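Here's a quick briefing for anyone meeting this structure for the first time. Have a look at the model, then read on.

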Amino acid sequence: MADEYNEAVGVPLAYDTQVQIPVAGMMLSIRQVVGLDIAAGPIYLGLRFLPEPAGMALAVTCGMAALGMSSVTREGMWFGTWLLARRISPWLPQSIRGGVVSRARVKRRGNTLQIADVRTAKAVPKEIGGLSTLPRLRTVRDGLIETVPGGWYAVVEVQGPSSALNEMAYARWTESFMAWLAQIDTPAQVLAVRDYWDGDLAQQMFDERVVSHSELAREERALVGEVAGESLRLRHLVVFTPGRGTKKGMPGGGFLGPIGTQAPIRRSDAETVLELAMRVGIQRHLQCAPVEALQLRAHCERTLLAAQEGAAADGAIRLGDRHLATLVVTKLPPSMFPGTAIKALLRTNARSTASLHWFPLEGAEARKIIDQRRRMHRVTQQKRPGGDIEQSVAEEKLTTFLDSITRQEDSVCRIALTVTVEGPDPATAEAARDAMQTHLAEDDIKSVPVTVPGFWPVATTAPGGLALRRGLILTSQRVASCLVPVLGTPMSDLTAP
């Protein structure tokens, strides 16, 4: 009998790491302090020049409004940022027709999206220029794709382990997988595509192997199509994006994710990373290979990169005849077991794609960030009357984590886990997204739906897609191994149904 894995992996950065500052006997976050600073002018004018009680009423109203507006969040980000994303949506592409991306007026009518007033591209402010152009597929080679904008990416397919999620062998495999990424030391995107076999394709393959017109053959053919349509298939792609991360582990772009411009990745850089990934993979006994060009193009055609038809409205996105809904993980629990992410993916009965973005940090930068957070916990604890147990535990966890980094037993990285689910209509896709959110919540993982801006939520789960800033989480390499959405299945090989 295989050894079971019973030891949970601690999440040293899972505790509330908001910096809190004592103000008039209250502990406020930095955002709340900034809000009060902005409201300080009206508060002063009210108290200084208005008679009582009008002056006091104005001061209290401004103060409460500042605290309230700085605390409200929506879709994992500050409410003001969300409003800005909604505001700029009309400037962004909202329609794809015949492979041509354009602006349009898209409205949701029940379970359909209506497109009207298709407009050509229009000059947009420089600050949102990166959002106004969707990445589109240009070239496909074995193990390589080129997008515009973006440049070249290396794409490797990995066969997952056949062991169960609760076995020690699975935990060791995920740790070895993350060590593979760390050794390559290049920002990467791990894609897990949950799909089903095509019943018609299975019956076609049955006809090629069986030449018979008997009643039994017809019954077997029908059974093959039915079973294929219910058979789970998982594919795992790793997309390497050289040069897309900083030494602090931050992706390119601005506060919404894809905002900003970057130089395209050169083909020579992508080829170098691909060669290194294969060499290191062989050393670590991983079953991996560059994705064949035909299969890679077929996968891209199901994503935003090569979609020929599509539309985006508030909270609803359609690509071809499929409707999609997206959610992003915003907070992790105090501890996790390996396979947490793939377990939620398997429990949600829908076609879906999970994208785990991984960004390495330089050792010196990692220790600096952890030490800063540890000091913030210490100051917050000292400022609160009687101390704070949660802040004390968080400081102790960070001290232990810092020691493990010094001993090179663990390392720091930034991750972003995003999941896109599919359905025949918006309501079905949203129901599947809610089910996915529920399954993640069963393991105390907090996630939020993502609907703005435009097509960009589903762009995060396309090959080479940028991580949304709202979903970036600073954590340890061991914790990242628990979120690797990889598992071997008997139906993963398209050529062997």
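What covers the buried residues of H7? The cover includes strands S10 (144-148), S11 (151-158), S13 (232-240) and S14 (288-290), along with helix H4 (168-184). Keep in mind that this is a predicted model.

**Helix H7**
- H7 runs over residues 267-283, which makes 17 residues.
- At 1.5 Å a residue, this helix should span 24 Å, and its end C-alpha atoms sit 25 Å apart, so the two values agree.
- The buried residues here are Ala270, Val273, Leu274, Ala277, Met278, Val280 and Gly281.
- In an α-helix there are 3.6 residues a turn, so residues three or four places apart point the same way.
- Just after H7 comes His285, with a positive phi of about 60 degrees.

**A nonpolar patch on the surface**
- Leu47, Met56, Val60 and Met64 make up this patch, and together they have about 380 Å² of accessible area.
- Helix H2 (residues 54-71) gives the most to the patch, with three residues.
- Val60 lies in helix H2, and its relative accessibility is 45%, so Val60 counts as partly exposed.

**Thr418 in strand S20**
- Thr418 belongs to strand S20, which covers residues 412-423.
- Is Thr418 buried or exposed? Thr418 is buried, because its relative accessible area is 1%, and buried means under 20%.
- Neighbours within four places in sequence aside, Thr418 is in contact with Thr326, Leu327, Val328, Thr353, Ala354, Ser355, Thr460 and Thr461.

Key: Residues are numbered from 1 along each chain as its sequence is written. This is a predicted model: local features need pLDDT of at least 70, side-chain atom pairs count only at pLDDT 80 or more; totals for chains, interfaces and linings use all residues. Side-chain values use heavy atoms; hydrogens and water are left out. Helices (H or I, at least four residues) and strands (E, at least two) are DSSP runs, numbered from the N terminus. The expected span of a helix is 1.5 Å times one less than its number of residues. Buried means under 20% relative accessible area, exposed over 50%, partly exposed in between (1.4 Å probe, protein chains only). Contact means heavy atoms within 4.5 Å. Patches are made of residues with over 30% relative accessible area and no salt bridge: like charges are joined within 9 Å, nonpolar side chains (Val, Leu, Ile, Met, Phe, Trp, Tyr) within 5 Å. Accessible areas come from the Shrake-Rupley method with a 1.4 Å probe; for residues, only the protein chains shown count as cover. A salt bridge is a side-chain nitrogen of Lys or Arg within 4 Å of a carboxyl oxygen of Asp or Glu.
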